[in-house]
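Please look over the sequence and the model before reading on.

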Amino acid sequence: MKVVLPDNSKLELPDGASGLDAARAIGPKLAEQAVLMRVDGRVQDLRLPLHDGEPIQILTTRDKSDPDALAVLRHSSAHLLAEAVTQLYPGVKLAIGPPIENGFYYDFDFPEPIREEDLEKIQAEIERELAEGREWVRQEISRDEARKLFSSDPYKLELVDTAEGDISIYKQGGFTDLCRGPHLQNSKSIKALKLTGLAGAYWRGDSENPQLTRIYGTAFYSREDLDAYLERLELARGRDHRRLGPQLDLFHMSEYSPGSALWTAKGMAIYNALEDLRRRENAKRGYVEVKTPLMWDVELWKRSGHWEKYGENLFRIEHGESLYGLKPMNCPGHMLLFNTQLRSYRDLPIRYAEAAVLHRDEPTGSLQGLTRARQFSQDDAHVFCTEDQIQEEIDAMFDYVDYLYDTFGVRELAHAELATRPDNKLGTDEQWDHTEGVLRRALERIGLRHRVAEGEGAFYGPKIDFFMDDALGRPWQMGTIQLDGQQPERLGCTYMGSDNREHTPYVIHRALYGSLERFIGILLEHYGGDLPFWLAPVQVRVLPVGEAHLAAAQDLAHRLGAIYRADVAEPTDTIGKRIRAAELEKIPFTVVYGDRESDESLAVRERGGEQSTVSLAELLARLEPLLPSDV
RNA sequence: GCCGGAGUAGCUCAGCUGGUAGAGCACCUGAUUUGUAAUCAGGCGGCCGUCGGUUCGAGUCCGACCUCCGGCUCCA
């Protein structure tokens, strides 16, 4: 048989030859360094047989940044971890140990709980294995043999019983694991392996199941790569909005109100910049601003359907005989407002916007600064419309998203998820083809990365969720666009159609920033605190060189202050110290004002250190385009 | 909520095996009057997260709770 190499040349091999055989046929060095192969683009263990005509690519230890090559290295590392743990903790039960984004983990059921300090011992045992060297041997066995082999491992047994296809095992040293592979040939390629943490994790990700102990680690083809990774992590920690917020005095947290930020005047400058933009753009795009109560009798939540599904997350307030809940969302309020008049099809669409304070009683363990808060506001809106108007409304929302992502410079952080028709869908396939098509085309039109979550839409309509990654690459749900045919019905929303009959309107729920708090958190991490000029809490700081220049500096700041957020740092410290302070506060522009300065000649310093001498008019001309464009 | 880790001055952190708390920055005062990332000197500042226990004695040991951090679950 013949296989096709990446340069399109053909390699003659005996029938049944494996990837390793192919590598040997090409050269002994390649065979030695080979870690994995791709057959027709799909990863495959080197030990598995090839077939005539298959295009193959052999990955080696030199492909040290290839995600697949790293995954196989880390998968094998997970097996070394499992071997070490079974050595050190007899009686431990093994669950699963896959490679993940930046490393690997293995889930164990320990007879006695282990602690973080135990990791050192385990790490040492792994080092010993690495020094000794390990080879992986693959073997295919029958289901019955597998059951026998793993008879004392309940989790493995469950995996055997639910596995699809043939059962394979991998052996290394004295350790055997049920595993689909692929794996390295041997442990020589693992040049750096580090256990990074310990956590609880539920078996099969279900909180009804027993909790296992998960050990996290990472591994690389070189020591330098590990060091670089750890350094990147450290840098990311410096961008953490929970660190930057208090450091830059934007917001603070108090244990007296977990999950709710205390915003300072500087933080509010950012918050209000978002609010101002939201109001201006909403007005331009035909939204009307409304305001509905924060607190509602729980009867409303029962009627809207939220009580049953999300009642646990509702903050409750007893009031005499009745029970109130702080609103976790604006929808029912907007629907009640809609119902206050008899609506005609001529009134539609009606676009209600409200960025009210919302409360959700999130579990303590899940709170995370501004990104996962108990109190927050969404740039929420509900568009009441007819079926015919859906497409146009959604298109307009996507234009809006497009504008926001450009304005905030976060386009490359964003990606979307389109949730499509579930099994219990309402309506015909043609209708779903239509609505899903509307959303998909809109996504493509604005060129947003997206994936499709098949079957995860609500039964009454598809939805789009917008995500952004934080400094550590963790994705957060930001905005959402959801078509709702259920709540308007439950809350009795109707309008008179041209046919003189009552109809239930569609409601499109939409938040584009998502939570303002979360959005600001992500912005801070994205910019590492160096916010764009128009968002910076202090945009220009004037530094009088000495006492004699204070009045002139104040006058300048006052004039700049008519348009921008400007202040003066009084000469109580040396100029050097005040410049340093301005840099640490990440102020975009500082103007040093002394004997040499006048309106005709200002000493302007940009964040980072670049200096120039310009007139006031030139400075203003330079700042003006830094404000968001008014499309 | 669950597993693991942590909580000392406004901030960043030190405080060995139990003997009664320390530095730098910030802040205040004084001197200095300053030209692009820290002038010098002095001073103020601690319910050592909270409650309980062990002990002659607890920041240190034990327990519970609160909060934070890394995960898991959840996230309308």
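In what order do the strands of the open sheet of 3 strands stand? The order is β9-β10-β11, with antiparallel pairing; strands are DSSP runs of E with at least two residues, helices are runs of H or I with at least four, both numbered from the N terminus, and two strands pair if DSSP finds at least two bridges between them. This is a predicted model, in which local features need pLDDT of at least 70 and side-chain atom pairs pLDDT 80 or more, while totals for chains, interfaces and linings use all residues. Residues are numbered from 1 along each chain, chains are lettered from A in the order written, and side-chain values use heavy atoms, without hydrogens and water.

- β9 pairs with β10 (residues 167-172) over 5 bridges in the antiparallel sense, and valine 137 stands opposite lysine 171 in β10.

**RNA strand B**
- Among the 48 residues around RNA strand B, the nearest are Gln211, Thr364, Arg580, Glu597 and Gln611; a residue is near if one of its heavy atoms lies within 4 Å.
- α18 (575-584) is one of the elements that each supply at least two residues of this surface, and α18 gives the most, with 7 residues.
- The side chain of tyrosine 202 has an N or O atom 2.7 Å from a base nitrogen of RNA strand B.
- For threonine 574, a side-chain N or O atom is 2.9 Å from a phosphate oxygen of RNA strand B.

Terms used:
A polar contact is a pair of N or O atoms within 3.5 Å; within protein, one must be able to donate a hydrogen and the other to accept it, and residues adjacent in sequence count only if both atoms are side-chain atoms.
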